[in-house]
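Visitor: I would like to go through this model with someone who states the cut-offs as we go. Could we take it by question and answer?

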Amino acid sequence: SKVMLFSRDALEEASPSREHGIDARLEASYRWSYCEFLKDSGIELKMPQLTIATASVFCHRFYACHSHGAPANDRYVVATACLFLAGKVEETPKPLNEVVRVCYLVQHKHEYESALKQIHQKDQLEEQREKVLQAEKLLLHTLGFNFNVEHPYKHLLHLAKRLNQSQDLLEESSRSLTQVAWNFANDSLRTTLCLQFSASDIANAVLYLASKLLETTLNLQKDWWKDYHVEQLACDEISNQIMDLYDAKVDDPL
């Protein structure tokens, strides 16, 4: 089933977090921190990049409907639930206890020793488990039990291959182009772009952005993207939002 897409303005103005006095800039920093947390926890759990990406999308969908300001919506608990669910959805499941333990230690990495002692206490583990299971329940209802997540990676590889063949790129140039675009696709997960645009639009835009960045070394034909039905307006908007990420240098809130 299809997932509804929204404009950036609609997402920012109608965000439930505004009711708790959390502005768009602070919400963006919360988004950055839970994406970083998902990446670190996912790597620690040896989960594939695709599973971490799905968890990030689940988290974005959750906070489009729920405020960061409500105590029940602690972003680390919600993100842990998203990672646990993404593991099942992407058929890379991890036991709940392991997910809870690893995520708790990643969250408290600055006081690792005491966190390690705490999470090995049965009642503390039980309490965390319960919080995560409650968050997962709310997450399932928020998602409307629709776990369909399409990522830009597959489209990106397909488009890069076509571009490579038509433009007769050197293998090294083609590899650089795909790698830079792939990095942009990963970074796009720290924005709400997955709630605004289709995966293929994002794939087109990150390849376009990578080609602009590597323009001098690639010798691509001018306006190459016009042959690929690339929507220029969407491309510009997606590129701008990704570039905004680097300008913001978002501080990680406590």
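Predicted model: local features only at pLDDT ≥ 70, side-chain atom pairs only at ≥ 80, totals over all residues.

Visitor: How many salt bridges does a search of the whole structure find?
Guide: Side chains of opposite charge can pair when their charged atoms come close. The criterion for a salt bridge is a side-chain nitrogen of Lys or Arg within 4 Å of a carboxyl oxygen of Asp or Glu. Under that criterion, a search of the whole structure gives a total of nine.

Visitor: Which residue forms a salt bridge with Asp-244?
Guide: The closest N and O atoms of the pair are 3.8 Å apart. The pair links distant parts of the chain, 236 residues apart, with Asp-244 in helix H13 (residues 232–248) and its partner in helix H1 (residues 8–13); helices here are DSSP runs of H or I with at least four residues, numbered from the N terminus. The partner of Asp-244 is Arg-8.

Visitor: Is Glu-27, which forms a salt bridge with Arg-18, buried or exposed?
Guide: Buried means under 20% relative accessible area, exposed over 50%, and partly exposed in between, with a 1.4 Å probe and protein chains only. Arg-18, whose closest N and O atoms with Glu-27 are 2.9 Å apart, counts as partly exposed at 24%. Glu-27 has a relative accessible area of 6%, and is therefore buried.

Visitor: Which helix supplies the largest share of the lining of the largest cavity?
Guide: On a 1 Å grid over the protein atoms alone, a cavity is a set of points where a 1.4 Å probe fits but cannot get out, and lining residues have an atom within 4 Å of a point. Helix H4 (75–89), helix H5 (96–107) and helix H7 (122–142) each supply at least two lining residues. The largest share, four residues, comes from H5.

Visitor: How many charged residues does the lining of the largest cavity have?
Guide: Ala, Val, Leu, Ile, Met, Phe, Trp, Tyr, Cys and Pro count as nonpolar, Asp, Glu, Lys and Arg as charged, and the others, Gly among them, as polar. The lining includes Phe-37, Tyr-76 and Gln-128. By class there are seven nonpolar residues and three polar ones, and the number of charged residues is none.

Visitor: Which side chain is joined to that of Gln-241 by a polar contact of 2.8 Å?
Guide: Gln-241 is in helix H13 and is buried, with a relative accessible area of 4%. A polar contact is a pair of N or O atoms within 3.5 Å; within protein, one must be able to donate a hydrogen and the other to accept it, and residues adjacent in sequence count only if both atoms are side-chain atoms. The side chain joined to Gln-241 in this way is that of Gln-196.

Definitions and conventions:
Residues numbered from 1 in each chain as written. Heavy atoms only, no water. 1 Å grid on protein atoms, 1.4 Å probe; cavity = no way out; pocket = protein on both sides within 12 Å on 5 of 7 lines; lining within 4 Å.
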